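Here is a short briefing to read alongside the model.

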Amino acid sequence: MSLAITSGSLSIPATNPAGKTKAEKAAQDFEAVLLGSLLENLQKTFVGASEDGPAGSSSYAQMGTQALASAMSAQGGIGIARLILQQWRQSKVPEVR
């Protein structure tokens with residue numbers, strides 16, 4: 001694996017297209033799961049139990065909620081992933097790429 005520096009920018013290898021370490025990806029995924037749980041509970045609170053709706057509608061609602069949570073986390077979320085990474089770095093947990 002090699003990194004080439006060209007005109008002040010860093011070329012990221014194809015095996016890691018997003019340029020994130022495993023720790024960053026894990027922290028972001030963890031935040032997405034937490035946000036998904038939060039959003040799902042909020043949705044149930046405002047909409048109520050929708051067991052009388054069309055078949056499969058709850059599955060689509062859950063998939064939409066998870067997609068929203070993943071998108072929010074990818075854009076910075078509410079900062080949980082950043083806090084986890086800071087704590088890992090302070091604890092000197094080795095990062096694996």
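Of the 97 residues in the chain of this predicted model, 18% count as buried. The chain has three helices and two strands, and from the N terminus on these elements run β-β-α-α-α. Among contacts with a separation of 6 or more, 77% are accounted for by residues 24 or more positions apart.

**How H1 packs on H2**

- Two packed helices are described by the angle between their axes and the distance between the axes.
- Helix H1 packs with helix H2 (residues 57-74) at an angle of about 135 degrees, and their axes are 8 Å apart.
- That angle makes H1 oblique to H2, and the crossing of the two helices is right-handed.
- On the H1 side, the contact involves Gln28, Glu31, Ala32, Leu35, Gly36, Leu39, Glu40 and Gln43.
- These meet a set of residues in H2 that includes Ala61, Thr65, Leu68, Ala69, Met72 and Ala74.
- By class, the contact of H1 with H2 has eight nonpolar, eight polar and two charged residues.

**How H1 packs on H3**

- What angle and axis distance describe the packing of H1 and H3? The angle is about 140 degrees, with the axes 8 Å apart.
- H1 is therefore oblique to H3, and their crossing is right-handed.
- H1 brings Ala23, Glu24, Ala26, Ala27, Gln28, Phe30, Glu31 and Leu34 to this contact, while H3 brings Ile80, Ala81, Ile84, Leu85, Trp88 and Arg89.
- The residues of the contact of H1 with H3 divide into 10 nonpolar, one polar and three charged.

**Salt bridges**

- Side chains of opposite charge can pair when their charged atoms come close.
- How many salt bridges does a search of the whole structure find? The search finds three.
- One of them joins Arg89 to Glu24, with the closest N and O atoms 3.7 Å apart.
- Arg89 lies in helix H3 (residues 80-90) and Glu24 in helix H1 (residues 22-47), so this pair ties together parts that are 65 residues apart in sequence.
- Both partners count as partly exposed: Arg89 has 46% relative accessibility, and Glu24 has 24%.
- Another salt bridge pairs the side chains of Lys25 and Asp29, at 2.9 Å from N to O.
- Lys25 and Asp29 both lie in helix H1, four residues apart, which is about one turn of the helix.
- Lys25 is partly exposed at 44% relative accessibility, and Asp29 is partly exposed with a relative accessible area of 34%.
- The side chains of Lys44 and Glu40 also form a salt bridge, at 3.6 Å from N to O.
- Lys44 and Glu40 are separated by about one helical turn because they are four residues apart in helix H1.

**Gln28 in H1**

- Leaving aside neighbours within four places in sequence, Gln28 is in contact with Lys20, Ser73, Ala74 and Ala81.
- Gln28 is listed in the contact of H1 with H2, and Gln28 is also listed in the contact of H1 with H3.

**Leu38 in H1**

- Leu38 is found in helix H1, where it counts as partly exposed at 46% relative accessibility.
- Leu38 and Thr65 are 27 residues apart along the chain, and their C-alpha atoms are separated by 9.5 Å.

**Ile78 in the loop between H2 and H3**

- Where is Ile78 found? Ile78 is in the loop between H2 and H3.
- Ile78 counts as exposed, because its relative accessibility of 57% is over the 50% cut-off.
- Leaving aside neighbours within four places in sequence, Ile78 is in contact with Glu31 and Leu35.
- Ile78 and Ala32 are 46 residues apart in sequence, with 9.9 Å between them in space, C-alpha to C-alpha.

How values were computed
Residues are numbered from 1 along each chain as its sequence is written. This is a predicted model: local features need pLDDT of at least 70, side-chain atom pairs count only at pLDDT 80 or more; totals for chains, interfaces and linings use all residues. Side-chain values use heavy atoms; hydrogens and water are left out. A salt bridge is a side-chain nitrogen of Lys or Arg within 4 Å of a carboxyl oxygen of Asp or Glu. Buried means under 20% relative accessible area, exposed over 50%, partly exposed in between (1.4 Å probe, protein chains only). Axes are lines fitted to C-alpha atoms, for helices over the stretch in contact, and angles run from 0 to 180 degrees between N-to-C directions. Angles under 35 degrees count as roughly parallel, over 145 as roughly antiparallel, 65 to 115 as roughly perpendicular and the rest as oblique. A crossing is left-handed if the near helix is turned anticlockwise from the far one by less than a right angle, and right-handed if clockwise. Contact means heavy atoms within 4.5 Å. Ala, Val, Leu, Ile, Met, Phe, Trp, Tyr, Cys and Pro count as nonpolar, Asp, Glu, Lys and Arg as charged, and the others, Gly among them, as polar.
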